[in-house]
Every structure is written in structure tokens, then in C-alpha cells.
Amino acid sequence: MIVAIDGPSGAGKSSVAKACAKTLGFSCLDTGAMYRSIAWLALERGVPLDDGAALGQLARSCDIRFGHVEGDPIPKTVSIDGADVTSAIRTARIDKAVSPVSAAPEVREAMVELQRAVGRSGDYVVEGRDIGTVVFPDAELKVFLTASPEERAHRRVRQNADRGVGSIDYDEVLSDIVRRDGYDSNRAESPLRPAEDALSIDSTDRYIEDIIAEICALARSRMPQAGR
């Protein structure tokens, strides 16, 4: 079974997806980390961010791996071509680089193929921006999670402060969120939008626990095997 969670940057997709995966006993796939890893590798190797063909070749040839603690479905680390980039891909530098990288059709083609292969291996909560519309259009449950730009900026600042990575300047973070919203929503390839049959959830004024409970209850009601 696939639970697809899409939405803009800072909407809480990662936290909700991880919590839902743990509650449901599913694995969790953070597709955003995959695109961020490609962006990091492109910067490290000097690949121009506007060269779709070169970025696509990089995406097809690299090795992205998620590290797990035994028995925990939530990945603790991410590496690309042997380099641990768990923290490096969460910086302001990558925040700016990931939009053009993820907009490249050649990159998206390579990543979608990989994401589908992973999803076919078991029950997954998959979060990203085009999961319900492109990657898994037949997902049993699709959720589009959003929040106001201001609320998302406040959350991102708190998150960056807690982990000691990324900008903690509210105005800078808000500006980047608004910029990325426009980039993601207007790109030609797989633009950010809710699937027609997605459950839309605005998390601005809601407790995350309530959102997790709502998604998990709906997921259980759609599980193929009774009693799960």
C-alpha cells in the first residue's frame, strides 16, 4: 500500500510522513532528500544547475542510499556515492539549489523510476511534491498537506535552530519559501498541485497529532487486508 503525502516546502510533510509510517508499520521514503542529494552532488562536482542533460546523467549514475537502524522504518541517514549528506543537504545553500535541479525533466525521470522501484518493494508512506500526481497516481491514499507561508517560515526557523543547520533569519526563510512555492508550482515538469482525489489538509492552525491520526485512520480504512 502507498500513502502519498504531497505539499509545499515547510508544510510538515516529513514529520507527518514519519509519524504515520511508524504508526502504520510502513516504511517511509523522503523523496525530497533524494533531490537534495542530487543538488549537493551537482554543486560538489561543478555541474551547472541549468544543464538538464548533465544533471540527468548525474542522477542516473549516482548511488543514493538511506541508512536505517534495525527495526526502525524511518531512515536516519542519507548518502550519495558514499558521502554522508544527512546534514549537508539541509542547508540554505541546498535550499536554493534544489529547485532548479528538481525542475529538470531528466532528473525527475531518473528519480521517479527509482522511487517507483522502492515503492513496489512494500508498504510505504512517500512524501514529496508529485507523489500522488506522477510517481504513484494509483496510490490508495493521497494527501495534500499545506499551511500558510508565514506559518511554514516560523516552523522552518524553529527546525533549523533545533538542528543547528540552515538559516534562522525569518525574513530570509519566508522569502525562500515564497520563491520556491512559485518555482515548484509553475515548473513545466510535474508542477506542485494536489491530485484530483487527494485529501487536502491545511495544517496552519491544527495540532500535528490530529493530522497524523486523521491520515492513519483513513489509511487503515483503505488497507487491502482486513484487520490491519
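Predicted model: local features only at pLDDT ≥ 70, side-chain atom pairs only at ≥ 80, totals over all residues.
**Entry 1: the largest pocket**

I looked up the largest pocket first. Its volume is about 950 Å³. I found 41 residues in its lining. Ser14, Ser15, Arg90, Gln159 and Arg163 lie nearest the centre. I then asked which elements supply the lining. Helix 1 (13-24), helix 2 (31-45) and strand 4 (77-80) are among those that give at least two residues each. So much for position; next I sorted the lining by class. I noted 17 charged, 13 nonpolar and 11 polar residues.

**Entry 2: the second largest pocket**

I turned to the second largest pocket, which holds about 160 Å³ of space. Its lining has 13 residues. Leu29, Phe66, His68, Val118 and Tyr124 lie nearest its centre. Strand 2 (27-30), strand 3 (64-67) and helix 5 (105-119) each supply at least two lining residues. By class, I noted 10 nonpolar, two polar and one charged.

**Entry 3: strand 6**

Strand 1 (residues 2-6) runs parallel to strand 6, and five bridges join them.

**Entry 4: salt bridges**

How many salt bridges does the whole structure hold? My search gave 16. Side chains of opposite charge can pair when their charged atoms come close.

Aspartate 72 and lysine 76 meet at 3.2 Å, N to O. Aspartate 72 has 17% relative accessibility, so it counts as buried. Lysine 76, at 44%, counts as partly exposed.

Lysine 96 pairs with glutamate 172, with the closest N and O atoms 3.9 Å apart. Lysine 96 sits in helix 4 and glutamate 172 in helix 8 (residues 170-186), 76 residues apart. Lysine 96 is partly exposed at 43%, and glutamate 172 is partly exposed at 35%.

Aspartate 130 pairs with arginine 108, at 2.8 Å between the closest N and O atoms. Aspartate 130 lies in the loop between strand 6 and helix 6 (131-135) and arginine 108 in helix 5, so the pair ties together parts 22 residues apart in sequence. Aspartate 130 is buried at 1% relative accessible area. Arginine 108 is buried at 3%. Last, I noted a network: salt bridges with shared partners join Arg129, Arg180, Asp184 and Arg187.

Note on methods. Residues numbered from 1 in each chain as written. Heavy atoms only, no water. 1 Å grid on protein atoms, 1.4 Å probe; cavity = no way out; pocket = protein on both sides within 12 Å on 5 of 7 lines; lining within 4 Å. Points joined across faces, edges and corners; volume = space filled by probe spheres on them. Helix = DSSP H or I, 4+ residues; strand = E, 2+ residues; numbered from the N terminus. Nonpolar A, V, L, I, M, F, W, Y, C, P; charged D, E, K, R; others polar. Pairing = 2+ DSSP bridges. Salt bridge = Lys/Arg side-chain N within 4 Å of Asp/Glu carboxyl O. Buried < 20%, exposed > 50% of the residue type's maximum accessible area, 1.4 Å probe, protein only.
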